[in-house]
Amino acid sequence: MSALLSEILDPNLVVLELREGTSAEAILEIAELLRDHGHVQDYYKFADAVMEREGRSSTNTGEGVAFPHARTDLVERITLGVGRSEAGIQFGLAKELVHLVFLFAVPRKMVTDYLVCLGAVARVVKDKVRRDALMATTTAEEFVEQLRAGALLVE
């Protein structure tokens with residue numbers, strides 16, 4: 001597993017049941033978590049950057065997963081916030097609802113590291129069995145462990 005991915009996985013940044021029903025509300029809920037844990041310098045500017053990026057092109061993969069993100073100087077290190085929705089959330093025009101949202105906050109100077117982390121997560125959630133395992137977890141700690149285990153298997 002990428003050393004960088006293992007460094008950014010944090011159970012404190014996982015929402016096991018998003019309370020919001022739209023993509024914008026879900027993104028903002030996860031962004032609030034990043035703010036509340038001191039990872040984002042200016043929540044409003046960060047949220048605007050993520051929403052602007054999502055508005056240009058949805059980050060819905062079509063497999064029940066979305067990767068909203070912002071490359072910005074409002075964060076000092078790559079941060080990953082995760083949200084899960086049993087009911088699913090409409091992201092963009094894709095027919096399939098999103099159940100797993102991986103929100104990346106990326107310093108502009110760390111684009112390569114971000115792509116490594118994004119690739120590691122994408123390889124894990126590409127497999128339906130692994131997505132189902134993430135959906136079945138009951139704690140944030142278990143979610144992070146499942147993601148870590150999946151990343152080790154796909155390397």
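The crossing of helices α2 and α3 is right-handed, meaning that the near helix is turned clockwise from the far one by less than a right angle. This is a predicted model, in which local features need pLDDT of at least 70 and side-chain atom pairs count only at pLDDT 80 or more, while totals for chains, interfaces and linings use all residues. Residues are numbered from 1 along each chain as its sequence is written, and side-chain values use heavy atoms, leaving out hydrogens and water.

Let us stay with this pair for a moment. The axes of α2 (residues 23–36) and α3 (residues 43–56) come within 10 Å and cross at roughly 145 degrees; the axes are lines fitted to C-alpha atoms over the stretch in contact, with angles from 0 to 180 degrees between N-to-C directions. Helices here are DSSP runs (H or I, at least four residues), and strands are too (E, at least two), numbered from the N terminus.

Buried means under 20% relative accessible area, exposed over 50%, and partly exposed in between (1.4 Å probe, protein chains only). Of its 30 residues, Phe 102, Phe 104 and Phe 143 touch the most other members. Helix α4 gives the most to this core, with 7 residues. A second, separate core of 24 residues includes Leu 33 and Phe 91.

Conventions
Core = buried A, V, L, I, M, F, W, Y, C linked by side-chain atoms within 4.5 Å.
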